[in-house]
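Subject: Structure for your review

Dear colleague,

Please find below the structure that I am handing over to you. My findings follow it.

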Amino acid sequence: MFGLSAKDTRLFFIVTGLVAFAPFLMNPFPTGSAMAQFNAGYPDLMQRFVIFGIFAIGFNLLFGLTGYLSFGHAAFLGAGSYAAVWMLKLLTINVIPAILISTVVAGAFALLIGFISLRRSGIYFSILTLAFAQMAFALAASVLTPITGGETGLQTALNDPRILDGIASSGGNIPAPALFGLEMRNSYVWNVSGWTFTFNAGYYLAGAFMIVAFYLSMRIFRSPFGLMLQAIKTNQTRLNYTGLNSRPYTLAVFVISGMYAGLAGGLMASMDPLAGAERMQWTASGEVVLMTILGGAGTLIGPVLGAGFIKYFENIFSKINSNVLHEWFAFMPDGMEDFIVTILYPFVGKGWHLTLGIMFMMVVIFLPGGLVEGGQRIANLFRRKKSQPSEADGAKTPAE
Amino acid sequence: MDAIILQILNGLDKGSAYALIALGLTLIFGTLGVVNFAHGALFMIGAFCAVTLQRILTLSHVVIDDTKKDFLGNPLKVEVPYIYDWFGQETGAAIIDWAVPLAIIFAIPVMIIIGMVMERGLIKHFYKRPHADQILVTFGLAIVLQEIIKAYYGANPIPAPAPEAFKGSYDFGALLGFDANTIIYPYWRLVYFAFAAVVIAAVFAFLQFTTFGMVVRAGMADRETVGLLGIDIDKRFTMMFGLAAAVAGLAGVMYTPINAPNYHMGMDFLVISFVVVVVGGMGSLPGAVLAGFVLGILESFASMREVIEFLPGINQVVIYLAAIIILLTRPRGLLGRKGVMED
């Protein structure tokens, strides 16, 4: 269906289903129960899941397919955010032009950087993209303050021109970004016997974009163009010997990947009309690398999993403080309780980065294919267990 | 003229730090072929060695001092470092004052052990993996190391002052015949530069003039042949990793009075030191040192008021700009060898 094989169609429908029913799936615990803090079904976090999912899918197109490790991808996300906020300020509070323009601007930016950086490969490419991104970050935070708002960031204001809307339309408040009148922060809250489910307009818009982005990445993976990119990863020298110039292919995928990042940035600005320079910093670029690798580079679903995983931990794990730990282990004898809390405490709350770092190292060391490979191994384990008894049955039958 | 000399001097101390870190990175890369993203973390751990030693030296016990009274007339409790009891007040105070230079002695064995454990425990398993995997696992290690430091020492910078003798500044203006007070330069930065020069010279001498260094250089050129000659080259490369860690650590120890150490200082330096290594040419030790100083001085020139007025923001980006230009015009960096990391 949609030009996908049966297996891919199934995966596509699974992802669509997950996105559509995320408000339920993310809130498995009743509000007010002890486990409620593990609920992730609030709009802000769900929006981040899908937006960073888009970002990671785009990064994976570049890194997973061609093996070019860009350490400056956050620059495109930042450029997209700035473009989107400017659209919201100047043109209209409607998010559609903002999202489109952010994608285009990030694509143009990626074309420029990619054109220069792709002259080199390997670590030189990584350093070049890193250098460009750091330059963009430093300039955005200092000299370009009239455009970027410097360190305070760029925000929408009451007296923005908003040519299409007119100033009068704001009615005394800074208008919130909206899709033809439907404000992005609007939520429908459904209370059902102890559970609370929140359906947020912004989340569903971003989710729809993520499904489209996922579909496109699937098509790119399975296309002749995608095969060419995988050939570049496998052996670029041999490809060049056959008379093919690989540069146009790498440049094309670099721009596509930059546009994904710009789309993510535009969506981020549409959910919350704020753009800051820190989105371009190299640690932000490092984060998307972490997401992609953790989930599984070169796989379709991996980056989405990785993005969700990291954002979940960032928001949920970091909220666990020593009081919560003491509550959990309250059933133990006093000395034991204190001991366990002392041991666990550095790994949660403010120290969740430590857990993330350790987990990331474990994944790189033992599971080069990321969470996806881990899932496959577990699945294989079960399949083998299932198939073994059937074989045993088969062996028995003739004896009877 | 005096402004130019001042900027060159200003560039030297930052350049020394870049050169030392880049030297260690290149040692690791040249010997083991590993791109070590955790090198910035080693620099940071070195700085925290100084902090740790300072804390150990000032470990105190409480003594009731009968000669002083608090406002209620009770005898005052005074914290006396143990070191005063052992060496007497004067010597003890001097030792605490000199904590940062003394930390060199403390840091060398610590850093060598950390480096060798890192190599044997983790990086050894990554020789045959792609460079991207090496970058990723060392990047993860860098996060873990910096979070451990953060868990113990907190997120705020911890000042570790230079000895009293090196506080204050030296007036170069008077020395060189310019007006007094035009070229003022802190003593400690001079010390840092001299220290860096000594360490760099020592590393080069060690590689050039000792048998061990000769074997290592041979191993860098052709690892297999050296192995075939019956030399356990892996063991020596492990030691070189320890040495590189020590160089980074020493750079960190001596940098503490210039910049109070915090847990993310390693990451801040890491990006620039990678740029330095690549600009110098991957695998070239003189290239790393040269590029370190060149970029350090370039950065300080770009921070001059006249330059900033002419090209706003140039001080923020000059290093990256230089790196991009050099990489595009001289693909192997300033002094790079052919065939290193070209695929």
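Two residues are in contact if their C-beta atoms, placed from the backbone, lie within 7 Å. By that criterion, and leaving out residues up to four places away in sequence, B:Leu102 touches B:Leu53 and B:Ile95. Please note that this is a predicted model.

I remain with B:Leu102 for a moment. This residue is found in helix H5 of chain B, which covers residues 99–121. Is B:Leu102 buried or partly exposed? A residue needs 20 or more other C-beta atoms within 10 Å to be buried; B:Leu102 has 18 such neighbours and therefore counts as partly exposed. Between B:Leu102 and B:Pro261 there are 17 Å, C-alpha to C-alpha, and the two are 159 residues apart in sequence.

Confidence in chain A

The mean pLDDT of chain A is 83, with 94% of its residues at 70 or more. Within chain A, helix H10 (residues 247–271) has the highest confidence, at 93, and helix H16 (residues 370–399) the lowest, at a mean of 68. Over residues 391–400 of chain A the pLDDT stays under 50, and the model shows zero contacts beyond four places in sequence for them.

Overall form of chain A

Chain A contains 16 helices and six strands. Its C-alpha atoms fill a box of roughly 85 × 65 × 45 Å along the principal axes. Of the 400 residues in chain A, 44% are buried. Where contacts in chain A join residues at least 6 apart in sequence, 74% of them link residues at least 24 apart.

The nonpolar core

The largest nonpolar core has 221 residues, and those with the most contacts inside it include A:Ile54, A:Phe55, B:Leu23 and B:Val247. H6(A) provides the largest share of this core, 16 residues. Beyond its neighbours within four places in sequence, B:Leu23 is in contact with B:Ile200, B:Val203, B:Val247, B:Leu285, B:Ala288 and B:Val289.

H11(A) has 14 residues and reaches 20 Å from its first C-alpha to its last, close to the 20 Å expected at 1.5 Å a residue. Twelve of these 14 residues are buried, so H11(A) is largely enclosed by the rest of the structure. Among the buried residues of H11(A) are A:Trp282, A:Glu287 and A:Met291. Just after H11(A), A:Gly296 takes a positive phi of about 130°.

In chain B, helix H12 (residues 265–280) has 16 residues, and its end C-alpha atoms are 22 Å apart, which agrees with the 22 Å that it should span at 1.5 Å a residue. Since 15 of the 16 residues of H12(B) are buried, this helix is largely enclosed by the rest of the structure. H12(B) is followed by B:Gly281, whose phi is positive, near 105°.

With kind regards

Methods:
Residues are numbered from 1 along each chain as its sequence is written. Chains are lettered from A and ligands numbered from 1 in the order in which they are written. This is a predicted model: local features need pLDDT of at least 70, side-chain atom pairs count only at pLDDT 80 or more; totals for chains, interfaces and linings use all residues. Helices (H or I, at least four residues) and strands (E, at least two) are DSSP runs, numbered from the N terminus. pLDDT is the predictor's confidence in each residue, from 0 to 100. The expected span of a helix is 1.5 Å times one less than its number of residues. A nonpolar core is a set of buried Ala, Val, Leu, Ile, Met, Phe, Trp, Tyr and Cys residues joined through C-beta atoms within 7 Å.
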